[in-house]
There are 2 protein chains.
Amino acid sequence: MKKITFIGAGSTIFAKNVLGDCLLTEALNGFEFALYDIDPKRLQESQLMLENLRDRYNPSVAINSYDDRKLALQNAGYVINAIQVGGYKPSTVIDFEIPKRYGLRQTIADTVGIGGIFRSLRTIPVLFDIAKDMEEMCPDAWFLNYTNPMATLTGAMLRYTNIKTIGLCHSVQVCTKDLFKALGMEHDGIEERIAGINHMAWLLEVKKDGTDLYPEIKRRAKEKQKTKHHDMVRFELMDKFGYYVTESSEHNAEYHPYFIKRNYPELISELQIPLDEYPRRCVKQIENWEKMRDDIVNNKNLTHERSKEYGSRIIEAMETNEPFTFGGNVLNTGLITNLPSKAVVEVTCVADRKKITPCFAGELPEQLAALNRTNINTQLMTIEAAVTRKKEAVYQAAMLDPHTSAELSMKDIISMCDDLFAAHGDWLPEYK
Amino acid sequence: MKKITFIGAGSTIFAKNVLGDCLLTEALNGFEFALYDIDPKRLQESQLMLENLRDRYNPSVAINSYDDRKLALQNAGYVINAIQVGGYKPSTVIDFEIPKRYGLRQTIADTVGIGGIFRSLRTIPVLFDIAKDMEEMCPDAWFLNYTNPMATLTGAMLRYTNIKTIGLCHSVQVCTKDLFKALGMEHDGIEERIAGINHMAWLLEVKKDGTDLYPEIKRRAKEKQKTKHHDMVRFELMDKFGYYVTESSEHNAEYHPYFIKRNYPELISELQIPLDEYPRRCVKQIENWEKMRDDIVNNKNLTHERSKEYGSRIIEAMETNEPFTFGGNVLNTGLITNLPSKAVVEVTCVADRKKITPCFAGELPEQLAALNRTNINTQLMTIEAAVTRKKEAVYQAAMLDPHTSAELSMKDIISMCDDLFAAHGDWLPEYK
C-alpha cells in the first residue's frame with residue numbers, strides 16, 4: 001500500500017486542505033494517509049475529520065494515526081511537513097514581546113527578522129530529527145515542506161540531509177489573482193512569470209495575449225494608493241522598485257528597512273502596517289477553532305473542494321507522470337543567475353515521474369536581486385547558526401537582517417538575542 | 001617611444017608617487033610620460049615637479065604635458081587615471097551638506113553611501129569619454145584606475161567599454177602593516193590572504209610559519225578597544241564578524257547600518273567616528289599644498305623613494321614579464337564564488353607580459369559575503385543608473401545603500417536625491 005505521511009497533522013484545517021485534496025485525487029486511491037503530531041488531542045481531531053471525508057469521497061484510502069513517528073514514516077513515498085515548533089504560546093509570543101522591549105516591532109515574524117530567525121533555530125533541529133528518521137524509514141521519500149520560514153528550513157534540509165525536499169507555499173498561486181481582484185482587472189487568460197525567493201518572489205512578467213499589463217496595473221495601483229487599503233506596502237514596493245511581489249504587505253513590511261521605522265512612526269498608519277498581526281491571527285484562529293471544531297471534526301457530511309495547495313497535485317504528477325508546474329522552493333543551482341548558489345529560490349518547477357525539475361529563471365532585474373540578497377544574507381547565516389549552534393552566528397544573522405540592523409545597534413541586537421535564548425529555553429538546543 | 005599617460009596629472013603628490021616610482025624603474029627607461037589635466041595650472045606644477053625628478057633620476061624619460069586628451073593618449077601603452085570630477089568644491093561639499101539636511105551623516109563618501117553614489121554618477125560619464133578616446137587612440141592600452149569609487153568606476157569600465165582595466169587601491173598593501181603596528185606585533189614574515197571588495201576586503205588568513213595569528217590579534221584588539229583609538233570601527237567589525245577589513249574605520253563606518261545611527265548618537269564618540277572627515281582632509285590638503293608647493297614644484301633637489309603604489313610595478317611586470325602579485329579590482333568571473341558575477345572584487349592578481357590574471361579566492365565566510373553583498377547591491381545599481389541615466393535607478397541605488405536606507409525613509413531618500421541632482425547641476429549628465 002502506497003503511503004503519504006503527514007507530520008504536524010494536528011493542524012486540522014491545513015490537513016483537511018492537503019489530504020482532503022489527496023482524497024479527491026484518483027491517482028492516490030488505495031493509499032494510506034499516516035498522520036502524526038505531538039499533540040494527541042489535535043491528532044485525533046484530524047483523524048476523525050479525515051475519516052469523515054474519506055468515508056464520503058474515497059473509501060479506498062486508509063487513515064491511520066501514529067504516536068511513533070518512525071512507524072508513521074515507514075515506507076512512506078511522500079512526507080508532508082506542517083509542524084509549528086513552540087506554537088503561538090510560548091514561542092510566537094516570545095518572538096514578538098522581547099524585541100518589543102528594544103523598540104523593534106514586527107508584523108508576522110515567520111520568514112526573516114528576529115522572529116523568523118528564532119523560529120528557524122527552533123524548527124531546524126526538529127527537521128533534522130525527522131530527516132534522520134526518514135533516512136532510516138523512507139530514505140527515498142519526497143519531503144514536501146510547508147513549514148515556515150520556508151527558505152531556511154528548506155535550505156537546511158537540502159544542504160544538510162540526504163532527503164529529497166521541495167518547499168511549498170501558497171503565495172505564488174494567488175499573487176496575480178488577488179492583485180487583479182484588488183485593481184478590478186480581468187484575470188482570465190493572463191500569462192505570468194514569477195521568480196525570486198519565498199515571500200519575496202517577483203511578478204517579472206504579466207501579460208494578456210502578449211500585451212504587457214504592468215502599465216495598466218501601475219496606473220490603477222497609483223490611483224488606489226491614494227486611499228488606504230490592505231496592500232499599500234506592496235504597492236509602494238512596486239512603485240519604487242518597479243515590480244509586484246508575491247507575499248502580502250504585512251509580510252513584506254518587515255523584510256525591508258523602509259517601513260517599520262522608529263524615526264518615521266507615521267508610516268505605520270500611512271501604509272496600514274498591521275504590527276503584531278500574526279499573534280492577533282493566532283488568537284483569532286484559536287477562538288475560531290473552538291467554534292468550528294465540532295462542525296469539522298464530528299460532521300459526517302463534511303465536504304471538501306480541491307484547494308489551491310500544490311501538495312496533492314505534485315504527488316499526483318509523480319504517480320501519473322502527468323507533468324504539473326508550480327512555484328517551488330529549491331537550491332539555487334544556477335537557476336537565478338544573480339543570486340547566491342546556496343540560496344533557496346522560488347522558481348517554476350515541473351513535477352513528474354518521481355522527480356521535480358526546477359526551471360531556469362535567468363537574471364533578475366538588479367534592484368530585485370538586491371532586495372532578495374538582503375534577505376538571503378540573514379537566511380544563509382541563520383542556517384549556519386542552526387547547524388553550528390554558535391551564538392556568534394545567531395548574532396550575525398540578526399545583525400545582517402535588514403529591518404533589525406536598521407533599527408537597533410549591534411549591542412542591542414546581541415542583548416536581544418541573549419534575552420530570546422533565555423526566554424525560549426529548551427525550545428532551542430544549546431548554543432555556545 | 002613607449003608611453004604612459006597620466007589623466008588627472010594635476011594631483012601632483014599622487015603623480016609624484018606613481019610617476020616618480022616609474023622614473024626609478026629601469027624597465028621604463030626611454031618612456032614618454034604624457035600628462036593631462038583639465039586644470040592647466042596644476043598640470044604645469046606637476047610637469048615642473050616631474051622634470052626635477054626626471055633630471056635627477058632618469059634623463060632618458062620624456063615628460064610632456066598635453067592640453068588635448070586624445071593626443072595625450074595617442075599610442076599609450078598604459079593609462080593611469082586619477083581624476084576627481086567636481087573636486088572638493090563644489091561637489092564634495094554638496095555630497096556632504098545636502099544629506100546633512102536630512103540628518104544623514106557621512107565620514108568619507110567616496111565609495112558607497114549617498115556621497116559615493118553621486119561621486120560615481122558624475123565620474124562614470126567622464127570615464128566613458130576617456131574610454132572612447134582610448135578606443136580611438138590607444139585601444140590596446142591598459143587602464144590603471146586609481147579613482148574612487150573603485151568598484152563602480154572599474155565595473156563600469158569593465159562592463160561597458162572595451163578597455164582593458166584594472167582597479168588599484170592602496171588599502172590592501174598596508175592592511176596588516178598598520179594593524180600589527182597598532183597592536184605592537186612583529187610584522188615581518190607574516191603570510192596573509194585577502195579577498196572581498198574594494199575598501200571591504202577581508203583578512204581571511206594571517207599566519208607566521210603556519211601559526212594562525214588571529215587569536216593573538218583578537219586578544220590584543222579586545223584590550224586596545226578598552227581605550228579610545230583611531231581604528232575602533234574595524235576592531236568592532238572584527239569582534240562581531242570575526243575578521244579584519246582592509247579599509248579604515250572612518251571608511252567602514254558608513255558602509256554598514258551599525259555605526260552612524262540617529263537613535264544611537266553615543267556611538268560616534270564611543271567608536272571615535274570622524275563625521276565629515278573627508279571635507280576636513282580636503283581643506284587641510286589644500287592648505288598644505290600652498291605651503292609645500294614650492295618645495296615640490298620648484299625644487300631641483302627633489303628626491304623620491306619608490307612608494308607602495310602598485311602602478312609602476314604592474315607596468316614593470318608587463319614590460320619585463322617578471323610576475324608581480326597585487327590586490328587588484330576585477331570583475332568577479334567566479335573568483336569569489338558566493339558574490340555576484342557582475343560585482344567588482346578585490347583579489348590577488350598576477351601581472352606579467354601584457355596581462356593581468358586574477359586569482360581564484362573561492363568562498364568567503366558567509367557573514368563576510370553578506371556584508372559585501374549589501375555594498376555590491378548599491379554599487380551594481382549605481383552603475384545601472386549611470387548607464388541608463390534613469391532617476392528611478394538612482395533612487396533605487398540610494399534605497400539599497402545600507403546606511404542610507406537604515407536612516408531615512410524612501411520618501412526622504414528620493415527627495416534628497418532630487419536635491420542632489422539640483423545642486424550638482426551640470427556636473428551630472430541629464431537624468432530622466
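I began with F118(A), which counts as buried because its relative accessibility is 0%; buried means under 20% relative accessible area, exposed over 50% and partly exposed in between, with a 1.4 Å probe and protein chains only. I kept in mind that this is a predicted model, in which local features need pLDDT of at least 70, side-chain atom pairs count only at pLDDT 80 or more, and totals for chains, interfaces and linings use all residues. Residues are numbered from 1 along each chain as its sequence is written, chains are lettered from A and ligands numbered from 1 in the order in which they are written, and side-chain values use heavy atoms, leaving out hydrogens and water.

Next I looked up ring pairs, where rings of Phe, Tyr and Trp (its six-membered ring) pair if their centres lie within 6.5 Å, and planes under 30 degrees apart count as stacked, over 60 as edge-to-face and the rest as tilted. I found 24 aromatic pairs over all chains. One of them is F118(A) with F421(A), edge-to-face at 5.3 Å centre to centre and 75° between the planes. F118(A) lies in helix α5 (residues 113-137) of chain A and F421(A) in helix α17 (residues 410-424) of chain A, so the pair ties together parts 303 residues apart in sequence; helices are DSSP runs (H or I, at least four residues), numbered from the N terminus. F421(A) is buried too, with a relative accessible area of 11%.

Last, I noted that K391(A) lies over the face of F421(A), 5.0 Å from the ring centre; a charge sits over a ring if NZ of Lys or CZ of Arg is within 6 Å of the ring centre and within 35 degrees of the ring normal.

Key
Helix = DSSP H or I, 4+ residues; strand = E, 2+ residues; numbered from the N terminus.
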